[in-house]
Amino acid sequence: DIGSAKFGIDYEGISFKDFTFTLDSNGVENFNLGRLSFRVRSYDPDKLNDMIIKINNYIIFKGVPTLAYFSRTFGTEVPLSVGSNTISFSVEKEAYYELADVTLTIVKGI
């Protein structure tokens, strides 16, 4: 659980916000699927450009996020590591998004 992520970007070029999360060997070995969800609390309608979300440098989403509630599932194609992992939010061009209730859930198989 990431808690929340607030960020605004207001210039040309790529900008990132990175968050780190930790997984133990049990979480990685039994990883079945994951889910990232958040609310877009506010945004600038004149600056709706692509958001890029990566986990450990693997793109799980690229596009304009759903502006009410965003949810994306991913599977074992995402390279999770024992120990430190990184989720990165970025935009390619001028954009502004304020996110709330950002939650990353890792589901372990049986």
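## Model confidence

The mean pLDDT of the protein is 84, and 85% of the residues score at least 70. Confidence is highest in strand β5 (residues 58–63), at 96, and lowest in strand β1 (residues 6–9), where the mean is 56. Where pLDDT is low, the predicted coordinates should not be read in detail.

## Salt bridges

Three salt bridges are found in the whole structure. One of them pairs Arg-39 with Asp-101, with 2.7 Å between the closest N and O atoms. Because Arg-39 belongs to strand β3 and Asp-101 to strand β8 (residues 95–108), this pair ties together parts 62 residues apart in sequence. Arg-39 is partly exposed at 33% relative accessible area, and Asp-101 is partly exposed at 42%.

Arg-41 and Glu-98 form a salt bridge through their side chains, at 3.4 Å from N to O. Here too distant parts of the chain are linked, with Arg-41 in strand β3 and Glu-98 in strand β8, 57 residues apart. Arg-41 is partly exposed, at 44%, whereas Glu-98 is buried, at 14%.

## The loop residue Lys-47

Lys-47 lies in the loop between β3 (31–43) and β4 (51–55). Its relative accessibility is 16%, so Lys-47 counts as buried. Lys-47 forms a salt bridge with Asp-44, the closest N and O atoms being 4.0 Å apart; Asp-44 is partly exposed, at 23%. The C-alpha atoms of Lys-47 and Glu-94 are 6.2 Å apart, although 47 residues separate the two along the chain.

## Surroundings of Ser-88

Ser-88 is located in strand β7 (residues 83–91) and is buried, with a relative accessibility of 10%. Its side chain makes a polar contact of 3.0 Å with the side chain of Asp-18. Beyond its neighbours within four places in sequence, Ser-88 contacts Phe-16, Lys-17, Asp-18, Ile-52, Ile-53 and Lys-54.

Terms used:
Residues are numbered from 1 along each chain as its sequence is written. This is a predicted model: local features need pLDDT of at least 70, side-chain atom pairs count only at pLDDT 80 or more; totals for chains, interfaces and linings use all residues. Side-chain values use heavy atoms; hydrogens and water are left out. pLDDT is the predictor's confidence in each residue, from 0 to 100. Helices (H or I, at least four residues) and strands (E, at least two) are DSSP runs, numbered from the N terminus. Buried means under 20% relative accessible area, exposed over 50%, partly exposed in between (1.4 Å probe, protein chains only). A polar contact is a pair of N or O atoms within 3.5 Å; within protein, one must be able to donate a hydrogen and the other to accept it, and residues adjacent in sequence count only if both atoms are side-chain atoms. Contact means heavy atoms within 4.5 Å.
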